[in-house]
Amino acid sequence: MDMRKMVGENLKRLRQEKGLTQEVLESRSGLSQQYLSGLERGKRNPTIITVYEISQALGVHYLELLRPLPDSN
């Protein structure tokens, strides 16, 4: 699986599980809503620092954003 897509799918899933909008995550992470949207769509290539900052804003371990989904190949 494409890593950008996997991170994006995990980001969207975790954000929604936490009941957060992209706008709320924007204020928590300091990353723009447009950037977060691009990440969720697999169009952006985040740095490891960005992955860590998003994980902190979501209140999850950074590996949760990098973990393959059970149905992924």
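This is a predicted model: local features need pLDDT of at least 70, side-chain atom pairs count only at pLDDT 80 or more; totals for chains, interfaces and linings use all residues.
**Overall fold.** I started with the secondary structure and found 5 helices and 0 strands. Read along the sequence, the pattern is α-α-α-α-α. I then looked up the dimensions: the C-alpha trace spans about 35 × 20 × 20 Å along its principal axes. The radius of gyration is 11 Å, which agrees with the value near 11 Å for a compact globule of 73 residues.

**Surface and burial.** I noted that 42% of the 73 residues count as buried. The accessible surface comes to about 4,500 Å², and carbon and sulfur atoms account for 49% of it.

**Core.** Next I went to the largest nonpolar core, which has 14 residues. Among those with the most contacts inside it are Leu 11, Leu 36, Ile 54 and Leu 65. I traced where the core comes from: α1 (3-17), α3 (33-40) and α4 (48-58) each supply at least two residues. The largest share, 4 residues, comes from α4.

**A closer look at Leu 65.** Which residues does Leu 65 touch, leaving aside its neighbours within four places in sequence? I listed Met 6, Val 7, Asn 10, Leu 11 and Leu 14, then Val 51, Ile 54, Ser 55 and Leu 58.

**α1 against α3.** I finished with this helix pair, which packs at an angle of about 115 degrees with axes 7 Å apart. From α1, Arg 4, Gly 8, Glu 9, Leu 11, Lys 12 and Arg 15 meet Leu 36, Leu 39 and Glu 40 of α3. I sorted the residues of this contact into 3 nonpolar, 1 polar and 5 charged.

**Contact range.** One last entry: among contacts between residues at least 6 apart in sequence, 57% join residues at least 24 apart.

Definitions and conventions
Residues are numbered from 1 along each chain as its sequence is written. Side-chain values use heavy atoms; hydrogens and water are left out. A nonpolar core is a set of buried Ala, Val, Leu, Ile, Met, Phe, Trp, Tyr and Cys residues joined through side-chain atoms within 4.5 Å. Buried means under 20% relative accessible area, exposed over 50%, partly exposed in between (1.4 Å probe, protein chains only). Contact means heavy atoms within 4.5 Å. Axes are lines fitted to C-alpha atoms, for helices over the stretch in contact, and angles run from 0 to 180 degrees between N-to-C directions. Ala, Val, Leu, Ile, Met, Phe, Trp, Tyr, Cys and Pro count as nonpolar, Asp, Glu, Lys and Arg as charged, and the others, Gly among them, as polar. The radius of gyration is taken over C-alpha atoms; the globule rule is 2.2 Å times the number of residues to the power 0.38. Accessible areas come from the Shrake-Rupley method with a 1.4 Å probe; for residues, only the protein chains shown count as cover.
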